[in-house]
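Dear colleague,

Please find the structure below. My notes on the findings follow it.

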Amino acid sequence: MKKFFAAAIAGLGLAVTASAASAQAPSTLAQVKQRNILNCGSNTGLAGFGVPDAQGNWQGLDVEYCRAIAAAIFNDPNKVKFIPLSAKDRFTALQSGEVDVLVRNSTWTMTRDASLGIVFTGVNYYDGQGFMVRKKLGVTSAKQLSGASVCTQQGTTTELNLADYFRANNLKYEVVAFASSDETIKAYDAGRCDAFTTDASGLYAERLKLTAPDDHIVLPEIISKEPLGPSVRNNDSGWFNLVKWVHYAMINAEELGVTKANVDEMLKSPNPEIKRLLGTEGKFGETIGLTPDWVVRIVKHVGNYGESFEKNVGQGSLLKIARGQNGLWTKGGLQYAPPVR
Amino acid sequence: MTTIPTETRQPGKASLLYDPKIRGYAYQILLLAVVGFLVWSAASNAIENLRAQKIASGFGFWHNAAGFDVNQKLIPFSASGSTYGQAFYVGLLNTLLVASIGIVLSTFLGFFVGVARLSSNWVLAKLAMIYVEVIRNLPLLLQLFFWYNAVLKPLPDARNSIALPGSIFLNNRGLIMPNPQFGPAFQAVVVAFFLAAFAAIAFYIWSKRQQERTGKQYPNGLITLGLILGLPLIVYFLAGQPLSFDLPQQGRFNLTGGLQIYPEFVALLIGLTTYTAGFIAEVVRAGILAVSKGQTEAANALGLRAGPTLKLVVIPQAMRVIIPPLTSNYLNLTKNSSLAVAIGYPDLVQVFTGTVLNQTGQAVEVVAITMAVYLTISLVTSLFMNIYNKRMALVER
């Protein structure tokens with residue numbers, strides 16, 4: 001009996017020291033390489049950003065971000081496991097290490113950066129919150145929505161902006177909050193609410209799910225800033241840099257005219273900026289734990305930012321969203337990347 | 001002559017180590033220490049890891065501004081000025097509301113179906129059987145989706161509400177009825193109601209004693225009803241009708257004013273009630289079947305009709321079998337109410353473990369509080385049911 005207790009206590013002590021030691025885990029990049037697959041937190045289904053197609057292949061702007069990371073690490077855009085997460089579960093999944101990177105149209109806010117133990121790496125889509133209503137209501141502005149019932153997804157910045165907007169404009173409303181985006185749009189479709197609110201890009205995507213999409217209009221007001229971007233855990237600056245620079249690489253590639261089609265020819269380009277980007281001069285990739293040709297891998301498999309945008313949410317998609325704020329800074333947009341040097 | 005030594009051996013005094021009682025205590029203390037150490041190390045480990053991951057911890061968020069709205073609330077709550085702590089109470093009260101009404105309704109429905117299943121009326125018995133089999137064998141979540149859509153879909157929109165008599169309107173935003181506004185003199189009516197209730201109880205006790213002594217029966221039900229309804233009504237009119245109604249008005253989108261019962265609440269209540277009633281029906285059936293047939297036959301032989309036989313002979317004995325499983329059904333109903341999250345009813349899990357957790361990011365604290373709440377509700381329910389069970393149990397002499 002005594003031996004049993006002694007063994008139990010010794011075992012317990014071991015378990016505690018082991019769990020304390022686990023705080024010193026290997027870097028995220030090392031874990032991903034060892035696992036040979038990237039775990040990417042993705043939307044449960046938002047057209048244009050992250051949704052599985054009829055064959056079960058994930059498609060979308062956010063999805064391609066993860067594919068670009070996988071391409072840069074493994075030279076294989078398919079070494080990604082997409083883990084669909086609802087709005088309310090997403091950050092917990094990232095904090096607990098269930099996913100390596102969260103690319104799930106999440107808004108970058110101060111609280112999220114400062115107190116959730118995560119950091120946003122940048123903005124891959126500049127968005128703003130809008131409203132959708134039925135045409136037959138005859139509403140032309142969000143200011144006319146006093147007394148309306150509004151359907152929204154809970155655990156989002158949308159829920160907070162909604163409260164702010166109606167309070168600031170002294171309008172009354174009733175909020176009906178659902179845990180999943182599917183339930184939200186279904187309830188709106190069933191007539192539970194007069195208005196549906198989410199990020200403007202999401203409005204166009206969700207409208208496609210309605211029984212009669214043409215009976216609904218998106219109101220002109222954009223009531224908030226919604227910088228959407230990827231986030232990583234706040235304890236691995238090497239991984240943070242890698243994820244951040246994948247986005248910058250794609251923007252720089254677009255700016256320098258490097259596309260999926262011409263990337264092999266561009267390798268011979270005399271332009272020093274292109275040479276540095278594609279790794280024919282210098283070894284910039286190695287500074288973030290990758291190979292010198294990391295950008296070639298990204299562009300070859302996924303394309304530059306503009307190509308990914310047009311294919312998923314722009315003219316090549318059902319959503320047909322204009323580049324607008326998401327255009328390059330050289331064309332009046334907000335997408336701007338620091339130089340590779 | 002030899003003398004026997006007076007010194008007798010005292011068992012256990014030789015060594016404390018071999019005293020079974022002391023050894024028992026020692027092991028208990030050791031076990032407690034081990035458990036305590038385990039809890040302490042798990043907690044400190046969690047805190048350490050949260051700090052290493054730069055995740056905020058502690059309960060400071062409780063007093064931070066919430067910044068979101070909730071539609072169904074029993075206490076004042078708004079985006080301007082309310083805190084996460086108040087959001088917790090909003091969710092908790094909504095959970096308690098749906099659970100307590102659900103428990104009452106499912107008990108009535110369950111008893112009715114359970115008795116109906118044993119009925120000699122073939123159609124009634126088979127209908128009850130079909131009800132029980134269908135309800136018990138479908139997942140509750142699916143049933144909630146069904147009720148939510150069944151409640152929502154067939155109803156007209158807010159501009160074409162079904163008008164019921166008494167300024168009550170029904171549409172896909174819920175049931176909207178006049179909101180009673182109590183004048184100051186209404187207190188007198190409340191006082192009258194309590195007086196009437198006391199009088200009714202006193203009369204009931206008196207009449208029982210009379211019956212035991214003389215065998216004379218009094219119409220207890222009628223007199224109670226008369227007292228409880230009549231006295232407050234008389235006072236109400238004497239006080240000059242201190243009650244007015246806030247009537248719902250047609251607004252641009254919704255009816256404004258009035259008291260609104262939300263469709264999410266109705267769907268959740270119907271779903272929980274019908275589902276739990278299916279289980280309670282079986283518990284009741286089992287309880288009744290557990291009462292020996294001889295009891296019914298003896299009651300019949302004494303000339304009792306079917307109704308009094310059930311009420312006075314069978315049910316009181318069946319209750320002893322029914323109460324313990326009934327308690328676990330009540331607990332299940334309360335816990336199942338957390339499925340509200342799927343249909344947008346703002347219960348504790350939806351508001352607190354959903355929105356608040358997400359806005360603060362403090363999963364450990366929020367989930368721990370939520371678990372503690374459900375544990376408390378369950379233990380309190382069990383406590384009351386155990387007290388009731390003790391009163392109903394067979395008194396052994």
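E64(A) and K311(A) form a salt bridge, with their closest N and O atoms 2.6 Å apart; the term denotes a side-chain nitrogen of Lys or Arg within 4 Å of a carboxyl oxygen of Asp or Glu. This pair joins distant parts of the chain, 247 residues apart: E64(A) belongs to helix α3 (residues 61-74) of chain A and K311(A) to helix α14 (residues 305-312) of chain A. Helices here are DSSP runs (H or I, at least four residues) and strands likewise (E, at least two), numbered from the N terminus. Over all chains, the structure holds 17 salt bridges.

This is a predicted model, in which local features need pLDDT of at least 70 and side-chain atom pairs count only at pLDDT 80 or more, while totals for chains, interfaces and linings use all residues. Residues are numbered from 1 along each chain as its sequence is written, chains are lettered from A and ligands numbered from 1 in the order in which they are written, and side-chain values use heavy atoms, with hydrogens and water left out.

Turning to the interface, 54 residues of chain A are in contact (heavy atoms within 4.5 Å) with 50 residues of chain B. The two chains bury about 4,100 Å² between them, 52% of it on carbon and sulfur atoms; buried area is the accessible area (1.4 Å probe) that two parts lose on being put together, summed over both. Three salt bridges are counted between chain A and chain B. R173(B) and D194(A) meet through their side chains in a salt bridge (3.0 Å, N to O). Elements giving two or more residues to the side of chain A that touches chain B include α1 (2-21), α6 (157-168) and α7 (181-189) of chain A.

Yours sincerely
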